[in-house]
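The briefing that follows concerns a predicted model.

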Amino acid sequence: MYEKLEPYGIQEMLLKTLVKEHPDHTKRAAVDTKVKLLNLFYSTGIQAVSKMTDNIFGIKDIDARLKQGDLTLVPQIATLKLDGGERFNYSFATKYCALHQREKFPIYDSIVADTFESLFVKGYFPKYTYSRSKSKSPNTFTKGEFAAKLKEYDFYVEFYKYFMELFDLTKYTVREIDSYIWGAFKIAGTDFKIEQLAQLDKSKIAEVEIDK
């Protein structure tokens, strides 16, 4: 059944090759190609591609900050000023940073976020408490508040590390965990039970890891 993931594996290979050949941000054309392919392959919804390229290319210290794992890069890349206002391209920004430093920047997308939200509501995370109404207690959130917190990248990374520690997944890379959650959903589709991830079969992670 893993043949369903084959196109995504090819896309990953092409992106990895591109970054290997153009790892830095010294040439605008290379940055533009990375932005376009990432947007195309993963449907991140960037319509003003040239403006996004200009935004990224204009970050003078981006290569050093990527190597350092500077989390503030994500909101800086995500925030795109347009004539009609401002657009926050959060998922794209996390994927762009992960494209260059995959172990320092966990990817945010709707599948992973929905997984975390579902497990949170079901009470699988002792550190965080679900409440149906707003609360002043720290780490107590409604579902909507929790979803919003996941879009604060420093919180998202903190929570991601907590998730890996809680379920004894630290022996695996961030990218392997991303691929497990994303790949399991893509394979099983509507039959995929999000809450079953609380009993992850860790031996299966490598099988659905799509970027090797």
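Helix α9 comprises 14 residues and reaches 20 Å from its first C-alpha to its last, which is close to the 20 Å expected at 1.5 Å a residue. In this predicted model, the buried residues of α9 are Y153, F155, Y156, V157, F159, Y160, Y162, F163 and M164, and the helix is followed by D168, whose phi is positive, near 55°.

**Helix α7**
- Helix α7 has 12 residues, and the distance from its first C-alpha to its last is 16 Å, close to the 16 Å expected at 1.5 Å a residue.
- Because 9 of the 12 residues of α7 are buried, this helix is largely enclosed by the rest of the structure.
- The buried residues of α7 are I111, V112, A113, T115, F116, E117, S118, L119 and F120, a list that includes the charged residue E117.

**Packing of α7 with α9**
- Two packed helices are described by the angle between their axes and by the distance between those axes.
- For α7 (residues 110-121) and α9 (residues 153-166), the angle is about 65° and the axes lie 13 Å apart, while the crossing of the two helices is left-handed.
- On the α7 side the contact is made by V112, F116 and L119, and on the α9 side by Y156, F159, Y160 and F163; by class, the contact has 7 nonpolar residues, with no polar and no charged ones.
- An α-helix has 3.6 residues a turn, so residues three or four places apart point the same way.

**The largest nonpolar core**
- The largest nonpolar core holds 56 residues, of which I77, F116 and F163 touch the most other members, and α9 gives the most to this core, with 9 residues.
- F116 and F163 also belong to the contact between α7 and α9.
- When neighbours within four places in sequence are left aside, I77 is in contact with M52, N55, I56, I59, I62, F92, A93, Y96 and C97.

**Positive phi values in loops**
- Most residues other than glycine have a negative phi.
- S43, in the loop between α2 (28-42) and α3 (49-57), has a positive phi near 45°, and this residue counts as exposed because its relative accessibility is 63%, where the cut-off is over 50%.
- N139, in the loop between β3 (129-130) and β4 (140-141), has a positive phi near 65°, and with a relative accessible area of 29% N139 is partly exposed.

Key
Residues are numbered from 1 along each chain as its sequence is written. This is a predicted model: local features need pLDDT of at least 70, side-chain atom pairs count only at pLDDT 80 or more; totals for chains, interfaces and linings use all residues. Side-chain values use heavy atoms; hydrogens and water are left out. Axes are lines fitted to C-alpha atoms, for helices over the stretch in contact, and angles run from 0 to 180 degrees between N-to-C directions. Helices (H or I, at least four residues) and strands (E, at least two) are DSSP runs, numbered from the N terminus. A crossing is left-handed if the near helix is turned anticlockwise from the far one by less than a right angle, and right-handed if clockwise. Contact means heavy atoms within 4.5 Å. A nonpolar core is a set of buried Ala, Val, Leu, Ile, Met, Phe, Trp, Tyr and Cys residues joined through side-chain atoms within 4.5 Å. Buried means under 20% relative accessible area, exposed over 50%, partly exposed in between (1.4 Å probe, protein chains only). The expected span of a helix is 1.5 Å times one less than its number of residues.
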